[in-house]
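The following paragraphs lead the reader through one protein chain, from its division into parts down to single residues. Please keep the sequence and the model in view while reading.

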Amino acid sequence: MEDVKLLGTKESIFTQRIIWALKLKGICYEFIEQDFSSRSSPLLVKLNPVYNKVPVIVHDGKSLAESLVILEYIEETWPLINPLFPLDPFQRASTRFWARFVDGKFYEAAKKAFFSSGETKAEGVESVVEGLHLLEGQIIGKKFFGGEKIGYLDIITGWIAYWFQYIEEIGEFKAMDSTKYPCLHAWINNFIQLPIIKQSLPTPDVVKSVFRGFKDAAALADAN
């Protein structure tokens, strides 16, 4: 029996990545729910003293933080169970490249569109649109980014499939368009309908409440 614990919040896109990967691998784990609005949990501070944030995985008493790092650890620890990466070295490297694009340039563009206003917001939306166009090019002719089954890049990009619609709604902008990105739209539907994905998603009301909290906190910080 593996001794695996996961500290996280079910609202968090980064925690959900680890939940999906563990379920895909069939790894049993104990979920230790954290308060989404607080980073002061003594256990969280102990296990992730650098960032004090989720997710954190504890395996046989050793802890790791940061979702990308955790996902690679899961893959390397249980490589033969539903592999998340392709076997081909070039495809593996390409998968990592696009994962970093989603977590870096695209994520920052979405934040800019969400939190900003006026010309800065328009720039953010434009960058999001460019990112969606690039991702559309990566999914053409495929059911999932991983091919016929979900893999590492699907897990990394999964927040776009569900959380992004509420980022648009609360952030008061629109970038996703099923007519412009039909392959990406099909991927979203395929991804969301997978039982292991669908069963763990937070409700729309919960997600929207979290994003409203982010907006309110940013507005308060700007006012001060």
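How many salt bridges does the rule find across the interface of domain 1 and domain 2? The model examined here is a predicted one, and in it the rule finds two salt bridges across that interface. To place this answer, one may begin with the domains themselves. The chain is divided into domain 1, residues 4-77, and domain 2, residues 89-223. Their centres, taken over C-alpha atoms, are separated by 21 Å.

The size of an interface is often given as the accessible area lost when the parts come together. Here domain 1 and domain 2 bury about 1700 Å² between them, and 70% of this area is on carbon and sulfur atoms. On the side of domain 1, the residues that lose the most area to domain 2 are Ile13, Arg17 and Trp20, which together account for 36% of what that side buries. In terms of contacts, 16 residues of domain 1 meet 19 residues of domain 2. Six residue pairs are found in polar contact across the interface, both residues of each pair being at pLDDT 80 or more. Helix 1 (13-25) and helix 3 (67-77) each supply at least two residues of the side of domain 1 that touches domain 2. Helix 1 gives the most to that side, with nine residues.

The discussion now turns to charged side chains. Side chains of opposite charge can pair when their charged atoms come close. By the rule applied here, the count comes to eight salt bridges. One of them joins the side chains of Arg96 and Glu72, at 3.0 Å from N to O. This pair links distant parts of the chain, since Arg96 lies in helix 4 and Glu72 in helix 3, 24 residues apart.

The side chains of Glu108 and Lys111 meet at 3.8 Å, N to O; both residues lie in helix 4, three residues apart, about one turn of the helix. Glu108 is partly exposed, with a relative accessible area of 43%, and Lys111 is likewise partly exposed, at 34%. The side chains of Lys112 and Glu123 form another salt bridge, at 3.3 Å from N to O. Lys112 lies in helix 4 and Glu123 in helix 5 (residues 118-139), so this pair ties together parts that are 11 residues apart in sequence. Lys112 has a relative accessible area of 31% and is partly exposed; Glu123, at 34%, is partly exposed as well.

Which charged residue is buried yet has no salt bridge? Asp154 is such a residue; the nearest side chain of opposite charge, that of Lys142, is 8.0 Å away. Asp154 is found in helix 6 (residues 152-171). The side chain of Asp154 does reach the backbone nitrogen of Phe145, at 2.8 Å. Leaving aside residues up to four places away in sequence, Asp154 touches Phe144, Phe145, Gly146, Lys149, Trp187 and Phe191.

Note on methods. Residues are numbered from 1 along each chain as its sequence is written. Side-chain values use heavy atoms; hydrogens and water are left out. Helices (H or I, at least four residues) and strands (E, at least two) are DSSP runs, numbered from the N terminus. Buried means under 20% relative accessible area, exposed over 50%, partly exposed in between (1.4 Å probe, protein chains only). Lys and Arg count as positive and Asp and Glu as negative; His and the chain ends are not counted. A salt bridge is a side-chain nitrogen of Lys or Arg within 4 Å of a carboxyl oxygen of Asp or Glu. A polar contact is a pair of N or O atoms within 3.5 Å; within protein, one must be able to donate a hydrogen and the other to accept it, and residues adjacent in sequence count only if both atoms are side-chain atoms. Contact means heavy atoms within 4.5 Å. Domain bounds come from an automatic or database domain assignment. Buried area is the accessible area (1.4 Å probe) that two parts lose on being put together, summed over both.
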